[in-house]
Amino acid sequence: MSNSNTPFTKEQLIPQEEKLEVAKQKGELFIGLPKETYFQEKRICLTPDAVGAIVANGHKVLVEKGAGEEAGFSDRDYSEAGAMITNDAKKVFGCPILLKVEPPTIEELDMINPKTVLISALQLKTRQAKYFELLAKKKITAVGFEFIKDEDGSYPAVKALSEIAGTASVLIASELMVNAKKGNGLLFGNISGVPPVEVVVIGAGTVGQFAVRSALGLGANVKVFDSSITKLRKLQTNVGRTLYTSTMQPKNLMKALRRCDVAIGAVRGNNRSPIIVTTTMVEHMKKGAVIIDVSVDMGGCFETTEMTTHDQPTQIKNGVIHYGVPNIPARYPKTASISISNIFTPYLLDIAENGGLEQAIRFDPGLKNGLYYYRGILTNKAVASWFDLPYSDLNLLMF
């Protein structure tokens, strides 16, 4: 018997399945931008400039009348950018892709058509089980923008709003020191011959970093506390100068709080923020000092902080002014809207380029991370654990 002349085995010569790349096919988007109805929510997801870019790429945008007014964008601005304007909220909620800042209410979910793509914040801690029941019933595909990841593993939407919150916390403190009842009448700014304002920042994340930058820019003397040496080191590198940093040593923290004029809390936990500053510590602070608790939406890291509103933002406890508004970026709706819009616009164009959200998710693991409902099936483990709901791995559903 003659020897075979081929270098391949018998198994290798058996015809194999051909594996082809999934082709990208450009799709057309029809996006609905409803007016935000949540209390004191003034932001909108897309600016007129962003709408102009999306329409120029061959897509349609339907905007509810007055949706951008609170953020400083008129209906005329949107109309001139190429959007269609309507008075009918049902029409907007009937669009195949729905874009919101706040998650829709139960009443708004009733107006959404089955199999709609919903892109909004999720705000897990404030949701009810009925919200997820309706998503499942209507087979909705939902993306929570606070879960979307960037190429470097960070969360762009959370980071952008944290930058605003950090910068704003210092500006709000500077107002309160002058305008609030029992304020000390101090001015941020290194005035010759006058000791600078003392600021304590608890938490060296994005909020803390931008609070430090703003405070230093206004000439304050800043002290930063965090339990992570790595975060403190990173903050000093990013700020570009040496400043007082310390781990959460009670003795050092107590000493700093006694002397400070402003204390900013920006520590987040898994389920709630850890209480770093106790009532006793607050009692030893200066009369007229200001506390800005940025993490109040997760319980707050000052034991004495209570949640307040933009209309009545402060409470005075133990002679100390407490600011406990949970949604600080909403105070600056135009800046926040532009920031959110800058994040959303490339994602929307990317979704269109790939021929829809499902295809875009195949190519973008960061966007995939933001998906928590896929055609009515829960795909996010954190949501499932919080509400004790069954969930499925997205990879098993799509590939």
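These legends describe close-up views of a predicted model.

**View 1. Helix α8 and its buried face.** Helix α8 spans residues 229–239, and its buried residues are Leu 232, Leu 235 and Val 239. Seen down the axis of α8, these buried residues fall within an arc of 60°, so they line one face of the helix. An α-helix has 3.6 residues a turn, so residues three or four places apart point the same way. Cover for the buried residues of α8 includes α7 (206–217), β8 (221–225) and β9 (244–246). Thr 230, Arg 233, Lys 234 and Thr 237 are exposed on the other side of α8.

View 2. Ser 228 caps the N-terminal end of α8. A side-chain oxygen of Ser 228 lies 3.4 Å from the backbone nitrogen of Thr 230. Gly 240 follows α8, and its phi is positive, near 85°.

**View 3. The salt bridge between Lys 100 and Glu 36.** The two side chains meet at 3.0 Å, N to O. Lys 100 lies in the loop between β4 (97–99) and α4 (106–111), and Glu 36 in the loop between β1 (30–33) and α1 (48–56), so the pair ties together parts that are 64 residues apart in sequence. Lys 100 has 1% relative accessibility and counts as buried. Glu 36 has 11% and also counts as buried. A network of salt bridges links Glu 36, Lys 100 and Glu 108.

**View 4. The salt bridge between Arg 43 and Glu 41.** The closest N and O atoms of this pair are 2.8 Å apart. Both Arg 43 and Glu 41 are buried.

**View 5. The salt bridge between Asp 261 and Lys 286.** The side chains of Asp 261 and Lys 286 meet at 2.9 Å, N to O. This pair links distant parts of the chain, 25 residues apart. Asp 261 sits in the loop between α9 (250–259) and β10 (262–265). Lys 286 sits in the loop between α10 (279–283) and β11 (290–293). Asp 261 counts as buried, at 5% relative accessibility. Lys 286 counts as partly exposed, at 33%. The count of salt bridges comes to 10.

**View 6. A nonpolar surface patch.** Leu 187, Ile 191 and Val 194 make a nonpolar surface patch of about 280 Å². Leu 187 lies in the loop between α6 (156–179) and β7 (198–202). Its relative accessibility is 57%, so Leu 187 counts as exposed.

Definitions and conventions
Residues numbered from 1 in each chain as written. Predicted model: local features only at pLDDT ≥ 70, side-chain atom pairs only at ≥ 80, totals over all residues. Heavy atoms only, no water. Patch = residues over 30% accessible without salt bridge, like charges linked within 9 Å, V, L, I, M, F, W, Y side chains within 5 Å. Areas by Shrake-Rupley, 256 points an atom, 1.4 Å probe, with all protein chains shown as cover. Salt bridge = Lys/Arg side-chain N within 4 Å of Asp/Glu carboxyl O. Helix = DSSP H or I, 4+ residues; strand = E, 2+ residues; numbered from the N terminus. Buried < 20%, exposed > 50% of the residue type's maximum accessible area, 1.4 Å probe, protein only. Arc of directions from axis to C-beta. Contact = heavy atoms within 4.5 Å. Polar contact = N/O pair within 3.5 Å; in protein donor to acceptor, adjacent residues only side chain to side chain.
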